[in-house]
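Let's take a friendly walk through the charged side chains of this protein.

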Amino acid sequence: MADSAGLGDPGFAVYVHWPFCLAKCPYCDFNSHVRATPPDEARFVAAFSREIAHRAALSPGRKVRSIFFGGGTPSLMAPRTVGAILDKIAKHWTLEPNAEITLEANPTSVEAGRFRGYQGAGVNRVSVGVQALNDADLRALGRRHSVAEAVAALETAKSIFPRMSFDLIYGRVGQSEAQWREELEKAMKLATEHVSLYQLTVEPETIFERLWQAGKLALPDEDLGRALWDTTQEIAEKHGMPGYETSNHARPGAESRHNLVYWRYGDYVGVGPGAHGRVLSGGKRRAQATEKHPEMWLAQVEIEGHGLIADDPLSQEEQSDEYLLMGLRLREGVDIHRYEAISGRRLARSQIESLAAEGFVTEQGGRIMVTPMGAPLLDTIVADLAA
Ligand SMILES: C[S@@+](CC[C@H](N)C(=O)[O-])C[C@H]1O[C@@H](n2cnc3c(N)ncnc32)[C@H](O)[C@@H]1O
Ligand code: SF4
């Protein structure tokens, strides 16, 4: 259930956002931007360095459990850029022994060609965005790689990094349960220790949203969506990678330590355009966010020494709501005592008991967990418990 880091200390992590992509995928609403000319990486390195120094001054003396390069497409960065950012993080904080250092990679052959360089720079885990194991669906998702290229990138990743994960999106247009079953069986044979399996969501202001509103995107209805989710849990579990979070599956002990810091409501600092953080600073837990637009972030950091546009103390109620929202995504659930310590109030027994009687949650060893039956109703369950 728990990873090797244990449940006691949720840990401290650093997120680094690289906001550029070669093309915008029609389903994606991440903070990713396409530029006609490649960004000036040296200028970005200088800005990341200043932002890291600034954040370390606000949260000094921390031990870093995990660093995650996310995007956008971090596998477009030169390995020396990644190395320079890692050096700055290690200079300002201490890395835990065996710190997890992950880089999100797109699976084109050019990017896989940089994997050795990332390993040399200190990266020890990659998360590869495969998305589909079917060329027609890759095209429909606007991806610029083929299945063969993705499989080759996974093989390269396995030969270079001690740890590897990849992402798939299911619930695609016209996808039947039988097709997904077959594809997921293939995927599980490619997996080593961790996979992220996301159900396609129609995000605001994406091309997929426009198509969907125009009735041109035949996505699974609620029943098929549920069946696809059940199949996902069954097959991943059969292959020894049970779901430890709504969309994440791992061999026990191989969970993403980075994501566990978020979901266990640990502290994390976010650097780069549009990065978020939650940190204890001056005795208060604060919500931090940076300027989203890449060049505006760059300009702000060059003038002010940081890209923060928000750095606000969170009320007890906000913190306890966040703890529930994050923690109940995990199979291990939330610690009732910790919830009560954060919120300063008791969880209503009557709420827990009525949700348990309906089969949506279970209570065990001082923790509350959402059951597979309750998983699709997570937001409602959180609202009920927080009320
Ligand atoms: C930051 S994104 C992408 C990282 C990398 N640029 C890539 O495309 O492979 C992380 C993951 O979120 C998932 N994702 C993005 N948009 C999604 C959506 N609308 N629905 C479901 N999953 C989505 C994809 O699986 C993707 O790999
Ligand atoms: S899915 Fe990945 S490659 Fe596509 S736009 Fe989003 S971040 Fe960029």
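Which residues are linked in a network of salt bridges? In this predicted model, they are Asp9, Arg65 and Glu96. The count of salt bridges comes to 24, and a few of the pairs are worth a visit one by one.

Start with Arg163 and Glu193, whose closest N and O atoms are 3.0 Å apart in their salt bridge. Arg163 belongs to strand 5 (residues 163-170), while Glu193 sits in the loop between helix 7 (177-190) and strand 6 (194-199), so this contact ties together parts that are 30 residues apart in sequence. Both partners, Arg163 and Glu193, are buried.

Now turn to Arg329 and Glu245, a salt bridge with 2.5 Å between the closest N and O atoms. Here Arg329 is found in the loop between helix 12 (316-327) and strand 13 (334-335), and Glu245 in strand 7 (residues 243-245), so the parts tied together are 84 residues apart in sequence. For reference, the cut-off for buried is under 20% relative accessible area.

Helix 12 itself supplies a partner for the last stop. Glu322 forms a salt bridge with Arg278, and their closest N and O atoms are 2.8 Å apart. Because Glu322 lies in helix 12 and Arg278 in strand 10 (residues 276-281), the pair ties together parts that are 44 residues apart in sequence. Are these two residues buried or exposed? Glu322 and Arg278 are both buried.

Technical notes: Residues are numbered from 1 along each chain as its sequence is written. Chains are lettered from A and ligands numbered from 1 in the order in which they are written. This is a predicted model: local features need pLDDT of at least 70, side-chain atom pairs count only at pLDDT 80 or more; totals for chains, interfaces and linings use all residues. Side-chain values use heavy atoms; hydrogens and water are left out. A salt bridge is a side-chain nitrogen of Lys or Arg within 4 Å of a carboxyl oxygen of Asp or Glu. Helices (H or I, at least four residues) and strands (E, at least two) are DSSP runs, numbered from the N terminus. Buried means under 20% relative accessible area, exposed over 50%, partly exposed in between (1.4 Å probe, protein chains only).
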